[in-house]
Amino acid sequence: MSNQYRFKGQHEDEDIVRVIHRHWFNISSHLIIVFFASFFLVGSIFAMTTFFPDAVDANALSFFLFVENTFFIFIWLFSFLVWIDYYFDVWIVTTERIVNIEQKGLFVRRISELNFARVQDVSAEVNGFIPTIMDYGDVTVQTAGEEENFIFRQVSDPYAIKDLIMKLSRNNNEDIFRRFSESLVGRKA
Amino acid sequence: MKAVFGLLYAVLFFGYIVTALFIFYHIVRYSINRVAMIFGASLFIIVLGILLVSNAVIFFSLPIDAFIPKNTWF
């Protein structure tokens, strides 16, 4: 996994365990708009030329094609804006921490991270008929102290993500304890 | 008359280019997967290029004078 992905600020000895996006159903409402708009535009071209060939002269057809082409450009740009908003919203689980990158539109980007040493508890929640069928929900990571909880919103297979974070947190704590023990033994010697 | 429509079209075209540049910049700058970045950026630029060129060709072939009534003051 780590060879495929690389993010800015990644440490030299840090490996990426998993990259998590929101469930695809989350952007399906936007994509349905894109799909139907495209279907309508393509369909109207065929309808005009097939069912009303005499009603449309060459000038009107040129103008109609120009309007259609303009709408296709808008649809294409809109699709990628939706895609950017979805794909660049990502949670990266590494061997050391969880990095949350939130992309809101084109001009707002927020990055936060949580070290496994500060993880206190992890819970997963699937709420509703469609989330149950599609298997997506929220994972909440409770942090130590008064810090804000880390929330993975509408992610696929939330229970597996919860288990993964618990396992990595446990491994991290065992690692810290082992290094501390070794340092104590080293001092005694 | 053609000049006015040409100017309006130029503004619209400039808007397309600026939006496309922002999208392209985001794809290239913030992708964490290199393969997906190359694929996404290439697909976006190629399709948009085709659409923009065809849009410009169709616009400049439009008989603008035929759409405006003869007694229009501008």
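How many bridges join β1(A) to strand β2 of chain A? Select residues 90-94 of chain A for β2 and you will find four bridges to β1(A), with the two strands running antiparallel. Strands here are DSSP runs of E with at least two residues, helices are runs of H or I with at least four, and both are numbered from the N terminus. Two strands pair if DSSP finds at least two bridges between them.

Before moving on, note that this is a predicted model, where local features need pLDDT of at least 70, side-chain atom pairs count only at pLDDT 80 or more, and totals for chains, interfaces and linings use all residues. Residues are numbered from 1 along each chain as its sequence is written, chains are lettered from A and ligands numbered from 1 in the order in which they are written, and side-chain values use heavy atoms, leaving out hydrogens and water.

**The sheet**

Now widen the view to the open sheet of four strands, ordered β1-β2-β3-β4 in chain A with antiparallel pairing. Its edges are β1 (16-20) and β4 (108-115) of chain A, each pairing on one side only.

**The largest pocket**

Next, select Asn100(A), Glu102(A), Arg110(A), Ser112(A) and Ile151(A), which lie nearest the centre of the largest pocket among its 21 lining residues. A pocket is an open set of points on a 1 Å grid over the protein atoms alone, with protein on both sides within 12 Å along at least five of seven lines; a cavity is a set where a 1.4 Å probe fits but cannot get out, and lining residues have an atom within 4 Å of a point. The pocket's volume is about 340 Å³, a volume being the space filled by probe spheres set on the points, which are joined across faces, edges and corners. Colour β3(A) to see the element that gives the most to this lining, with five residues.

**The largest cavity**

A search of the whole structure finds one cavity of 30 Å³ or more. The largest cavity has a volume of about 50 Å³. To find it, select residues from its lining, including His21(A), Phe88(A), Arg109(A), Tyr30(B) and Ile32(B).

**The nonpolar core**

Finish with Ile73(A), Leu77(A), Ile23(B), Ile27(B), Phe44(B) and Leu48(B), the residues with the most contacts inside the largest nonpolar core, which has 22 residues. Such a core is a set of buried Ala, Val, Leu, Ile, Met, Phe, Trp, Tyr and Cys residues joined through side-chain atoms within 4.5 Å, where buried means under 20% relative accessible area (1.4 Å probe, protein chains only). α2 (58-87) of chain A and, from chain B, α1 (2-30) and α2 (34-60) each supply at least two residues of this core.

Methods:
Buried means under 20% relative accessible area, exposed over 50%, partly exposed in between (1.4 Å probe, protein chains only).
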